[in-house]
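Here is a short walk through a structure that is new to you. Keep the view open as you read.

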Number of protein chains: 2
Amino acid sequence: MSIPSTSNRSAAKKRNPEAVKANILRVATEEFATSGYAGARVNVIAEKTDTSKRMIYYYFGDKKELYRTVLEAAYRDIRLGEQQLHLNDLNPEQALRSLVAFTFEHQRNNPQFIRLVMIENIHEGRNLIAKEAFEEVNNPAIDRLGEIYQRGVEEGVFRSGISVIELHWLISSACFFNNSNRSTFSAAFGNDLFTEEGQSHLNQQVQEMILRFVAN
Amino acid sequence: MSIPSTSNRSAAKKRNPEAVKANILRVATEEFATSGYAGARVNVIAEKTDTSKRMIYYYFGDKKELYRTVLEAAYRDIRLGEQQLHLNDLNPEQALRSLVAFTFEHQRNNPQFIRLVMIENIHEGRNLIAKEAFEEVNNPAIDRLGEIYQRGVEEGVFRSGISVIELHWLISSACFFNNSNRSTFSAAFGNDLFTEEGQSHLNQQVQEMILRFVAN
DNA sequence: AATTGTTTTAACCAAATAGTACAAAAAGCT
DNA sequence: AGCTTTTTGTACTATTTGGTTAAAACAATT
């Protein structure tokens, strides 16, 4: 689509708007996730790109618009990642366990996304939030969880009367916290929980906790 | 100690260094919690105090030092608040339930503290963390939880083999997330979980989840 | 060849920002 | 009274910041 027809020649400077935008976006995502909106510096972003500050303003207008674009792109990536999970052919317990395990790993592997959400929460909606993006990310997750839970209740392995949103909230809290508070938690209690083994064990504990919570 | 001897006279301008410092600190805490370290403005803090920017520098030197002092004071306050809970005369299940309920409420009622911790996590230790302060806040919490758990295991009502730090982590994650992610969560799913009734119900669900997790 | 959109370069600007200098008054202590 | 500490006021500065301007070169499409 946007691939230039004469792209496989020598390493001369070819023009490629999409690649330039993507490059800016990648660098900006990292900077915003690392330093927050106010803490991030347009000049620093510019230096780390393969292009110039001028191009940032050429394509994104201003800092806020760049930030909004970063957010939307991050949400889209996360949403695409979550769609890779299929668990229709598992029994409810196995399905729920897989969902928790996947969520835990997925959030663990996307620290930048977590950080952007943290930053949004600190801003508390003042001027910056993209509300639709949140709904788009979260609603499919809720739907999938609801199906599993419903099946479990019908088959008599889960107790009834649990709110799916609350259940989602409980799963999210553990998976999110694992990433968001890693720094302060390990400052207080050491790094044991954040080694490969520690994380694997913690993941299992969260699964166990959720399954015990819904068990009949 | 620092109370002036002629303090109960008319409302003339008396000098009171401690009160001035406390006033600055209160305003600064709010500003840092609201806007983050980079987002907070010394000029804004100065305007909101009963004194001047000059006095901020007179007492705190610079912005970073002011921030550090804010952090330390916030941790101290939280620690003092947590010591108000006594549950030696309860059985292990009731004690654990009370501990969870209290933690949930305590974190819910201290949004500024939560926000400062979030900000610390975004900074990830670069230049700003007060590590000792974290340990001081968290270690007593761990000790108390450890006692309850131990009693529960000895009395046969809790299963053995659970790591106290992991248990603390599980409780913390729910209570912290409840406050830290309120903004994005309610943007995605509405405000139902954050009304008085919603919070009360959620608190009970977290208690239930933890108790089922440790149950034999 | 003309046109249009993309990219580079580098200087520039106005506003905001953290932090100071200087001076002087007021309050408390001995 | 004399001395120290606290407080106020104001103007100032050096730097950083987001953002702009102008011009020209380059690539691709027609």
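Begin with a term: two residues are in contact if their C-beta atoms, placed from the backbone, lie within 7 Å. Keep in mind too that this is a predicted model.

Now apply the term to the two chains. In this model, 40 residues of chain B are in contact with 41 residues of chain A. Which helices of chain B supply at least two residues each to the side that touches chain A? They are helix 1 (17-39), helix 6 (111-123), helix 7 (131-154), helix 8 (164-180), helix 9 (182-189) and helix 10 (196-214). Helix 8 of chain B gives the most, with ten residues. Sort the side of chain B that touches chain A by class, and 20 residues are nonpolar, twelve are polar and eight are charged.

Next, the relation between the copies. Two copies of a chain are related by a rotation about an axis and a shift along it. Here the rotation that superposes chain B on chain A is 180 degrees. The shift along its axis is 0.0 Å, and the RMSD is 0.1 Å. That is the relation of a two-fold axis.

Finally, pick out two helices of chain A. Helix 5 (residues 92-108) and helix 10 (residues 196-214) have axes that come within 9 Å and cross at roughly 140 degrees. That makes helix 5 of chain A oblique to helix 10 of chain A. The crossing of these two helices is right-handed.

Which residues meet there? Helix 5 of chain A brings A:Glu93, A:Leu96, A:Arg97, A:Val100, A:Ala101, A:Phe104 and A:Arg108. From helix 10 of chain A come A:Gln199, A:Asn203, A:Val206, A:Gln207, A:Ile210, A:Leu211 and A:Val214. The residues of this contact divide into eight nonpolar, three polar and three charged.

How values were computed. Residues numbered from 1 in each chain as written. Chains lettered and ligands numbered in written order. Predicted model: local features only at pLDDT ≥ 70, side-chain atom pairs only at ≥ 80, totals over all residues. Helix = DSSP H or I, 4+ residues; strand = E, 2+ residues; numbered from the N terminus. Nonpolar A, V, L, I, M, F, W, Y, C, P; charged D, E, K, R; others polar. Least-squares fit on C-alpha atoms with pLDDT ≥ 70 in both. Axes fitted to C-alpha atoms, helices over the stretch in contact; angles between N-to-C directions. Parallel < 35°, antiparallel > 145°, perpendicular 65-115°, else oblique. Left-handed = near helix turned anticlockwise from the far one by under 90°.
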